[in-house]
Amino acid sequence: MSGKYLVTGGAGYVGSVVAQHLVEAGHEVVVLDNLSTGFREAVPADASFIEGDIRDAAKWLDPSFDGVLHFAAFSQVGESVVKPEKYWDNNVGGTMALLGAMREAGVRRLVFSSTAATYGEPEQVPIPESAPTRPTSPYGASKLAVDHMITGEAAAHGLGAVSLRYFNVAGAYGRYGERHDPESHLIPLVLQVAQGRRDAISVYGDDYPTPDGTCVRDYIHVADLADAHLLALRAAAPGEHLICNLGNGNGFSVREVVETVRRVTGHPIPEVVAPRRGGDPAVLVASADTAREKLGWNPSRADLTGIVADAWEFAQQRAK
């Protein structure tokens, strides 16, 4: 059955892909984005667009909406360390205003874009949702704070909510892909080397306790991620807050990613080994059993070569 949904941050990478999936599923989509980090052209053509801030969501939310998918957040870990106030103000303060607007309008369904950064340094791998949450950055702490807010909102006011904790999102979906400024994600950075836009890729630490000495991460295709959001809308139950990890349960090292980019693009990728970065765990891999069990979610694009190939095609389209 089709519905009407507000997608906050829908001009960003993940938000735009989810908005497009909603449109393709026959839903009415309204994107709310202040374009501080998003791109107007990333908003699906068949979605309505409001340029505005989530703090003002009460201006547009009304009982005709069936739910909200919330992506509007600052997400640069490094920046959050030097500008924590920016992250508390927007990610936490903005979400508090959004929850208030939803309560006032009687919109009682929410899917929240959370993050694996809530866990910090994991005690066990793969990481289950029951793992201790000890974020190592204000970014991760701000997302965890929102998760706590949502739990309280569900218990007190009957909100039906699902928080999806992403691991490393990658790949592209048609004309929708990564274009952060500045770029901080590994796959697009390596692709910039292949395009000649960057001289070499920095490998931060090659002495980790992993098979090749470099960090291992769980990469999930952005289209698989979008599928999970639509399933989460169906799973959101009044008065309950469900938290699910989203990942493939498999890890790829930095060097495996670089080698995959070499194969896909046919370009040499020079590496420069740099010192470890503080707060970088050796291995981050998700246990996605809860998402499979509660959402019926099964990622179908787990192949790293396919993820890189889609991202490479998007990067080449943008370079034209």
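Predicted model: local features only at pLDDT ≥ 70, side-chain atom pairs only at ≥ 80, totals over all residues.

Colleague: Where does Gly-196 lie?

Modeller: Gly-196 lies in the loop between H5 and E8, and these labels refer to DSSP runs numbered from the N terminus, helices being H or I with at least four residues and strands being E with at least two. Gly-196 follows H5 and has a positive phi, near 80 degrees. Its C-alpha atom is separated by 35 Å from that of Ala-47, which is 149 residues apart from Gly-196 along the chain.

Colleague: How many residues of helix H5 are buried?

Modeller: In general, an α-helix has 3.6 residues a turn, so residues three or four places apart point the same way. Helix H5, residues 186–194, is mostly covered, with 9 of its 9 residues buried; among them are Leu-186, Pro-188 and Gln-192. The elements that cover these buried residues include strands E7 (168–170), E8 (201–204) and E10 (219–221), together with helices H7 (254–265) and H9 (304–319).

Colleague: What does the secondary structure of the protein chain come to?

Modeller: The protein chain has 9 helices and 14 strands. Its radius of gyration is 19 Å, close to the 20 Å that the globule rule gives for 320 residues, so the chain is as compact as a globular protein of that length; the radius is taken over C-alpha atoms, and the rule is 2.2 Å times the number of residues to the power 0.38. Of the 320 residues in the protein chain, 55% are buried. Among contacts with a separation of 6 or more, 78% come from residues 24 or more positions apart, a contact being heavy atoms within 4.5 Å.

Colleague: How many disulfides does the structure hold?

Modeller: A disulfide is a covalent bond between the sulfur atoms of two cysteines, and here the term is applied to a pair of cysteine sulfur atoms within 2.5 Å. The structure holds 0 disulfides. Cys-215 counts as buried at 6% relative accessibility, and Cys-244 counts as buried at 0%.

Colleague: Which residues does a cis peptide bond join?

Modeller: A cis peptide bond joins Val-125 and Pro-126, with omega about -5 degrees. Pro-126 lies in the loop between strand E5 (109–115) and helix H4 (138–157). The C-alpha atom of Pro-126 is separated by 23 Å from that of Ser-75, the two residues being 51 residues apart along the chain. Ser-75 is in the loop between strand E4 (67–70) and helix H2 (77–82), and at 40% relative accessibility Ser-75 counts as partly exposed. Leaving aside neighbours within four places in sequence, Ser-75 is in contact with Tyr-87 and Tyr-139.

Colleague: What is the phi of Leu-35?

Modeller: Leu-35 has a positive phi of about 60 degrees although it is not a glycine. Leu-35 is found in the loop between strand E2 (28–33) and strand E3 (48–51), and with a relative accessible area of 23% Leu-35 is partly exposed.

Terms used. Residues numbered from 1 in each chain as written. Heavy atoms only, no water. Buried < 20%, exposed > 50% of the residue type's maximum accessible area, 1.4 Å probe, protein only.
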